[in-house]
Amino acid sequence: MKWLRLHGAGIWPWLALIVAGFLAGGRLGAGIVAVAGIAAVLAVGAALAPGRKPQATVQRILPPEPPTAGDDIEVRLEGQLGLGWPIALSRLQDEPPSPLQGGSGPWLLGGSLRVAYVLRAVPRGQYLFNHCRATLRDGLGLLERDIELSLPSELLVYPQRVALPAPARRVQAFGAEEVARGTRDFLPGDRPSRLHAARTAQRGYPQVRESTPPPERARTLLLYCPEASPADVELAISVAASLAEALLEAGLGVGLSLAGASLPPARGPEQRQRMFLEFARATTARLAAANTLPPLPDGHGEPWLILGGRAATRPDPPLHAVTLRVGAELGPDGVTSLGDLVAWARSAES
């Protein structure tokens, strides 16, 4: 049977009983051999207890809110494995995705399954758990059987960030007027008042106006870190996450653009959740490999550019309303830590 194996440590006590029975002879020897036979039956019964198609109910308990990079995270698994043979020991082991290290629970009699362990200093990221593993054995440990249990879960670890005052900048360009950018096909949810009659007649399909919201009501954070070190990429992501939280708490619409993700500006906790999901998913390798500035999303508002790596050291960075150079080696002209970001936000607020 798949995953059924003899366990070396359990064979020797059983063999010792057999040998002792033959050496003792007579009724005593027969009794000893009978005990060894019973032990073998118990071992086979324990291994076959769940049947060919094991039925288990297991849940993985993760933190209710996504933790922050560097936190220690407690993970617990609890459940029950259906057994047709009650005299069996079971143990549950979790198998998280790399580079996380799982843990094993205690041996428990019957089908109870339980394990609790701590993930130390977890890096930012999106971690997809797929399965855990239950191991069954008899009391002597003669036979063992591994059962893989499907248990998909997701753990999001948000970047480190710092509380900031919302940088209150007065934007002169465009005043409070929307800036027309063109037209696009009508989509469900578009307001009929935005229909463009001439363009609709020309295209033969309803067209709506696209425009950029007033800059003082919308910001878009652009993250560009070509050839940046992993540490500098993480710092740039933390800078972007800190700014996003501050701007959203100030009631502004905030968008995001980086390699592999683009979000138009929006307000509220839902936008924060969308943005932080992209922050968790972003990989340092992909951001460092980017060789072009990420495009602005629709309705981008005022662009705020966060530069790392080679782009942070250029003498002529792209012109945007706000440009932040990020990197641990930049010196006084750049954001070398989240503490520098706090100082910058306070100066921008004044």
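How many helices and strands does the secondary structure of the protein come to? I counted seven helices and 15 strands, taking helices (H or I, at least four residues) and strands (E, at least two) as DSSP runs numbered from the N terminus.

I noted at the outset that this is a predicted model, in which local features need pLDDT of at least 70 and side-chain atom pairs count only at pLDDT 80 or more, while totals for chains, interfaces and linings use all residues. Residues are numbered from 1 along each chain as its sequence is written, and side-chain values use heavy atoms, with hydrogens and water left out.

**Overall figures**

I looked up burial next (buried means under 20% relative accessible area, exposed over 50%, partly exposed in between, with a 1.4 Å probe and protein chains only), and found that buried residues make up 43% of the 350 residues. For contacts (heavy atoms within 4.5 Å), I took those between residues at least 6 apart in sequence, and 66% of them join residues at least 24 apart.

**Helix H4**

Just after H4, I found Gly-251 with a positive phi of about 90°.

I then turned to Glu-278, which is found in helix H5, residues 268-281, and is buried at a relative accessible area of 17%. Leaving aside neighbours within four places in sequence, I recorded Leu-256, Ala-261 and Leu-263 as contacts of Glu-278.

For aromatic pairs I used rings of Phe, Tyr and Trp (its six-membered ring) with centres within 6.5 Å, planes under 30 degrees apart being stacked, over 60 edge-to-face and the rest tilted; the structure holds three such pairs. Phe-276 and Phe-279 form an edge-to-face pair, 5.5 Å centre to centre with 90° between the planes. They are three residues apart in H5 and therefore separated by about one helical turn, and both are buried.

**A pair across the chain**

I also looked at Trp-304 and Trp-344, an edge-to-face pair at 6.1 Å centre to centre and 85° between the planes. This pair links distant parts of the chain, with Trp-304 in strand S14 (residues 302-307) and Trp-344 in helix H7 (residues 338-349), 40 residues apart. Trp-304 is buried, with a relative accessible area of 1%.
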